[in-house]
Amino acid sequence: MFNHDEIIFEKYLDITFDMQLPLAEEVGYIVRIIDRPSKQIYNVFYDGRGNDYFELNEEGRKCIIMSPFNRNELRRKQWFKVRLLFDMEHKTISLTIDGKQHSTRKTSLPGQLTPQIIFGRSDYLIDVPSFAMKNLVIRSSAHNYTFPLSQAQGNDVYTAAGVKTGYVLNPHWRINDAYHWRQLMSYSSRTVAGANFNARRQEVYYYNSDTLFIYSLTSRQFRKIPFASPCPVQLYLGTNFIDESNNRLYTYETFREGKRDEEPSIASLNLDTYRWSTEAIVQINEGQMHHHGSYFDPRRGEYTIYGGFANMRYNDMFYTYNVNDHHWSMRHDIRGEKFPRYFQAMGYDKSRYVYIFGGMGNESGDQTVGRRFFYDLHRLDTRTNKVEKLWDLDWGNRQNVVVARSMVIRGPYFYVLCYSEFLSDSWLKLYRFSLRNGSHQLLGDSIPIHPDRIETDANLYYDPLLRQFVATVLEFSNEKSSQLRAYAINDPVLTEAQFAQACKLPPNRWYPWLAAAALLLTGGGLLAFQRARRKRRQQLAQFSTRPEMEEEPQRPNSVCLFGEFTVHSRTNHDITYLFTDKLKQVFCLLLQYSDADGISSRRLGNVMWGEKPPEKIKNSRSVAINHLRKVLQELDGIEVVYRNGYFRLQMQPPFYCDYTELKAIIAAGEAMERRMAVLAILHRGKFLEFMNMPAMDSLKNETDERLVPTLTEIMKQSFAAQEYRVTIWCIEELFVIDPVNERAFGCQQKVLKRMGKEFELQEARRRFHDEYRKLMGEEYQETDSAPILPLF
């Protein structure tokens, strides 16, 4: 928000910024301009639900400009310019979207504006699309403010000159997405599964024999599609490739022990109908060929693999599968230098050349000889079928890492993921290499990977429309069960040094004067100054974290609803994984109504599956209740009972639930006597923080309403008893429920004063004032009668 009452814009007000459209179909307000002297208000409204237009409104009166746009065109451009011009001299207003200008005459425009400019939510305008913006410029004949909006943190907004001239609520600074990999999704399968990314449709695929799971990068939604008939190929590794031109996913197994001649080895999935077709029954007799490289040539309809490990040998052969004649063939026509290896990355530049980087193996191909790590780049010319070595890299202290088998080629560079495959807890790291000479850079942070089993696989892809890299990590816990995680990071990806520089906020205006004064200090004085500053930072950093509390050990026959949802069986084994999201919701609904007669079967069905027809609601409810009863058989002292048309949970010792325990303590008036038990429960986290379900909002609110007076009383009594550590715990827990709780803030000031923590007191005051301004939209006004006084 740009808000300077003393700045007057004469002749014209010109607002320009670069904007990026929301990924999904959204609607809402982009910017609001409020001129307080004239009380005129204008807003820009966005509709991307199919009509696709921007609208400039004179708020509360009428629409004065409507500007339609081509959504696909603007998405391809990624960033486009938006300009809003108030010409007070000529009494006109214009809105320009990507160079297309619409203007209107407005005779009521005042001769000058003193604007409050707010992007996003403002007052009652709460509908805000998830757009991105950068390079904001606000100018007139006498003023010029440029906001790069390129910082990585903070709520204060700085001009290009480093002057703090605005603030933002709940910001998501996009530069973080160019350094940190963000997890998109995580799914698991109890049977062998494969994974891939369709760049044309911007979808991540995860499939097993029965089901296809699809995650859309644009809508950020997940779909589960059961196959009408199972995959014809018996999956062992789930290796696959996508033919984007024909919209088909091919799954293949190079070799399977005991396969009958008539059994399929390759099948394709039509990504429009989601039906499987058998493509071939032949297999390669070299074995499974773990971690072979591959590329697909869409012009020829050929998929080629190279390398791999099987039967104690490293492979050095090329095999090509033609999607038109449904046949594997060994490539005897490829000439040049090549060594037996696996864990190499391959990439096709879509025109002529295939690049092969790195790997692990040896010249003989015999695994018993031992292995070497290769960091060389070879190029295969698809016209001459000749392989030539471009360069070989001595990678120094990065030796003994391998590359994921996919490669992204962009311009003069290629990108690969590297990791130490021999470590149980390893990290994938993104590197950019020069195709010409092998010069390279480490980009972004890391992705965890646990490559205990040889089936574990990682791949790197590129989404040209969103301009981001996509990584998939497929980890196997045994020879069948697997989990897929997908991540994304924006391109261009930053190095650690670039990100560290972006994280530096502009210096305060008085900093040059402080620097000049520091030059006058003697050596001893400068050293004392540095030590004092370091000590202060350490003190503030120590206080900025919540006070440590010893974690309670998990107990058998327990369900915890504060913080993460966790369930432990009678043998104290963690069985949380048995609860799907739906099962958690059903459990919490039954718990909410168990103090009374329970929840009626009809209400339970309508809350959980209200969008389905009645017969399907009944079936879904029956399945969920039976599943819940089966899972709860792992615990003693709890069961689902059904009586007179109502469901409820019947609970008795030794069953334990942190929610029911806390409620019993409060009801018995024992909160102060059992204050450590109360705080230990709350220390786990916020109540039902794992659940976003409107039907549970009333239970969340009721719980918070019980906790606030309870915590306030414990805070008051512990302060009087000089149990300041307990007091601070209470204050922190109150701020979790209500970040602008004035009683907690008042007590926090008192306890820090008594403890002599002046620096921490200043930091606490700053945090509270910032939080109050974010949530309330105004500055917090303190009076001489501080809000702590009525407490005692």
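Q: How many of the residues of strand 30 are buried?
A: This is a predicted model. In it, strand 30 covers residues 318-322, and five of its five residues are buried.

Q: Which residues lie on each of its faces?
A: On one side of strand 30 are F318, T320 and N322, and on the other are Y319 and Y321. Both faces are covered.

Q: Which strands is strand 30 joined to, and by how many bridges?
A: Strand 27, residues 302-306, is joined to strand 30 by five bridges. Strand 31, residues 327-330, is joined to strand 30 by four bridges. Strand 30 runs antiparallel to strand 27, and strand 30 and strand 31 also run antiparallel.

Q: Which residue stands opposite Y319, and which opposite T320?
A: I305 stands opposite Y319. S329 in strand 31 stands opposite T320.

Q: Where do Q78 and N385 sit?
A: Q78 is in the loop between helix 1 (71-77) and strand 8 (80-87). N385 belongs to the loop between strand 36 (372-381) and strand 37 (386-392).

Q: Buried or exposed, those two?
A: Q78 has a relative accessible area of 7%, so Q78 is buried. N385 has 15% relative accessibility and therefore counts as buried. The cut-off for buried is under 20% relative accessible area.

Q: Changing topic: which peptide bonds are cis?
A: One of them is the bond from D491 to P492, with omega near 5 degrees. Another is the bond from P653 to P654, with omega near 10 degrees. In general, most peptide bonds are trans.

Q: Where are P492 and P654 found?
A: P492 is in the loop between strand 45 (482-490) and helix 2 (496-502). P654 lies in the loop between strand 50 (646-651) and strand 51 (656-657).

Q: How many bridges join strand 13 to strand 14?
A: Four bridges join strand 13, residues 132-139, to strand 14. I138 has Y145 in strand 14 as its bridge partner.

Q: And what is the order in the open sheet of four strands?
A: That order is 22-23-24-25, again with antiparallel pairing. Strand 22 (239-243) and strand 25 (276-280) are the edge strands, each pairing on one side only. The twist averages 25 degrees from one strand to the next.

Q: How many bridges are there between strand 23 and strand 24?
A: Strand 23 (residues 248-252) and strand 24 (residues 266-270) pair over five bridges. I266 in strand 24 is the bridge partner of Y252.

Q: One more residue: where is S186, and what is it in contact with?
A: S186 is in strand 17, residues 182-189. Leaving aside neighbours within four places in sequence, S186 is in contact with Q483, L484 and R485. With 32% relative accessibility, S186 counts as partly exposed.

Q: Lastly, how many helices and strands does the protein chain have?
A: The protein chain has 13 helices and 51 strands. Of its 792 residues, 51% count as buried. The C-alpha trace spans about 90 × 75 × 70 Å along its principal axes.

Note on methods:
Residues numbered from 1 in each chain as written. Predicted model: local features only at pLDDT ≥ 70, side-chain atom pairs only at ≥ 80, totals over all residues. Heavy atoms only, no water. Pairing = 2+ DSSP bridges. Helix = DSSP H or I, 4+ residues; strand = E, 2+ residues; numbered from the N terminus. Buried < 20%, exposed > 50% of the residue type's maximum accessible area, 1.4 Å probe, protein only. Contact = heavy atoms within 4.5 Å. Axes fitted to C-alpha atoms, helices over the stretch in contact; angles between N-to-C directions.
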